[in-house]
Amino acid sequence: MNELATLKRTARALLHGLAAGGDAGNCCHDGANLWCSHPVNEIRGIDAIADFWLNLRRSLPDMERRDSIFVAGRCRSDRRTDMAVAGRPLVASLCHYQGTFSHSFLGIPPTHGVVHLRSCEVHHLVEGKIAHSWVLLDLLDLIRQAGLWPISPSLGTEGMWPAPATLDGAVDDALIRQGERSLDIVLSMQRALHEFDGASIESMPLERHWTPDFQYYAASGIGMTRGLHGFRVHHQIPFLNGFPDRRGAGHYVRIGDGNFAVTGGWPSVRCTHLGEWLGLPATGRQVSMRVMDFYRIENERIAENWVPIDILHVLWQLGCDVLGRLGHMLGNPPLEIRGVDRQALAPEGRPN
């Protein structure tokens with residue numbers, strides 16, 4: 001068994017232990033950090049990390065972790081960013097935390113039935129314990145499962161993400177050489193995205209990189225699409241209309257394992273909101289996006305792509321507090337008016 005296969009087994013045992021209520025002190029390295037979805041954002045230290053898992057397990061008291069993809073690889077460097085983990089072994093997973101939603105979580109009301117909280121994660125282990133974690137929880141999808149929807153309808157299809165069609169995303173071995181080739185294919189596709197001429201969607205030669213009926217599983221709020229046409233009309237064109245100046249901000253994770261590859265940045269994209277997106281008219285605000293991409297390769301092309309995005313964080317930057325709006329819907333409206341500089345709003349700066 002190679003080093004990365006051993007790492008996968010160790011990491012899976014630690015992560016399943018945390019989900020089952022294990023002691024964070026036995027699973028996490030001293031001084032561990034966890035970067036998570038909004039509104040959790042950044043957690044430092046074992047005690048704070050223990051509280052995070054305790055709160056999640058309080059909401060899902062019978063919680064179990066179910067991995068659909070679990071891969072490992074040495075992180076390939078990215079010249080656009082100063083990555084402390086470049087060259088180091090990382091594990092990445094796409095999983096669901098399944099359980100009975102018995103108590104509210106981050107203001108999301110319980111359903112008292114089974115939910116599947118999807119999570120996409122990257123972990124760096126030091127001395128056999130978890131030292132750095134990046135975790136994107138799809139909280140908007142959990143809100144959907146609670147029977148609520150506080151933003152505009154998705155253009156794609158909402159629903160539970162399926163496991164890879166080949167059902168081989170969470171094997172114990174680590175296929176390093178094949179994984180390097182999978183990562184090469186993904187990075188080639190990502191370079192094609194930068195061939196966009198600013199006008200024609202056809203200027204990006206994506207048909208070279210994707211299978212004809214590839215499946216695109218985007219975060220809740222965007223939804224799932226199929227094939228190049230579905231991808232373009234339900235996600236890519238609306239995104240480019242909303243953020244025409246989008247640019248890559250660099251990756252902290254670039255790994256391949258067998259037929260799978262994972263990339264992601266924190267942030268991964270920086271852009272300006274210059275057009276309507278997810279029902280919000282242009283605000284002119286600059287935003288950064290936390291994104292991960294999980295890919296499955298088939299016959300030298302991308303067949304499936306799971307794309308967690310911290311949608312709540314993006315919308316918060318655009319002035320839309322999704323969890324605040326959810327609280328209003330549940331009977332907890334704001335009771336104060338935000339301060340407004342009326343003189344600045346008046347013509348030529350004169351007061352009304």
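In this briefing, a helix is a DSSP run of H or I with at least four residues, and helices are numbered from the N terminus. With that in hand, welcome to this structure, which is a predicted model. Helix 8 is followed by glycine 331, whose phi is positive, near 100°. The tour below starts with that helix and then moves on to the spaces inside the protein and on its open side, with stops at two single residues.

**Helix 8 and its surroundings**

- Helix 8 covers residues 322-329, and its buried residues are Val322, Leu323, Leu326 and Gly327.
- Looking down the axis of helix 8, you find these buried residues within an arc of 145°, so they line one face of the helix.
- The partners that the buried residues of helix 8 pack against are helix 4 (139-145) and helix 7 (311-317).
- At the N-terminal end, helix 8 is capped by aspartate 321, which has a side-chain oxygen 3.4 Å from the backbone nitrogen of leucine 323.

- The loop between helix 7 and helix 8 is where you will find glycine 319.
- Glycine 319 and asparagine 2 are 317 residues apart along the chain, and 48 Å separates their C-alpha atoms.

**The cavities**

- How many cavities of 30 Å³ or more are there? The count comes to three.
- The largest cavity has a volume of about 70 Å³.
- Its lining includes Leu15, Leu18, Trp53 and His123, among others.
- At least two lining residues of the largest cavity come from each of helix 1 (3-19), strand 1 (28-36), helix 3 (46-59) and strand 6 (129-137).
- Strand 1 provides the largest share of that lining, with four residues.
- Sorted by class, the lining of the largest cavity holds nine nonpolar residues, three polar ones and no charged ones.
- Around the second largest cavity you will meet Ser37, His38, Leu137, Asp138, Leu139, Leu140, Ile309, Asp310, Ile311 and Leu312.
- Helix 4 and helix 7 are the elements that give two or more residues to this second lining; these two helices are also the ones that the buried residues of helix 8 pack against.
- Six nonpolar, two polar and two charged residues make up the lining of the second largest cavity.

**The largest pocket**

- The largest pocket has a volume of about 750 Å³.
- Of the 33 residues that line the largest pocket, Gln190, Leu193, Ser268, Val269 and Asp293 lie nearest its centre.
- Which elements each supply at least two residues of the pocket lining? They are helix 5 (176-193), strand 7 (210-218), helix 6 (227-242), strand 9 (247-248), strand 11 (260-272), strand 12 and strand 13 (301-307).
- By class, the lining of the largest pocket has 16 nonpolar, nine polar and eight charged residues.

**Serine 288, in strand 12**

- Strand 12 spans residues 286-298 and contains serine 288.
- Serine 288 has a relative accessible area of 16%, and buried means under 20%, so serine 288 is buried.
- Leaving aside residues up to four places away in sequence, serine 288 touches Pro267, Val269, Arg270, His313, Val314 and Gln317.
- Val269, one of these contacts of serine 288, is also among the residues nearest the centre of the largest pocket.

Methods. Residues numbered from 1 in each chain as written. Predicted model: local features only at pLDDT ≥ 70, side-chain atom pairs only at ≥ 80, totals over all residues. Heavy atoms only, no water. Buried < 20%, exposed > 50% of the residue type's maximum accessible area, 1.4 Å probe, protein only. Arc of directions from axis to C-beta. Contact = heavy atoms within 4.5 Å. Polar contact = N/O pair within 3.5 Å; in protein donor to acceptor, adjacent residues only side chain to side chain. 1 Å grid on protein atoms, 1.4 Å probe; cavity = no way out; pocket = protein on both sides within 12 Å on 5 of 7 lines; lining within 4 Å. Points joined across faces, edges and corners; volume = space filled by probe spheres on them. Nonpolar A, V, L, I, M, F, W, Y, C, P; charged D, E, K, R; others polar.
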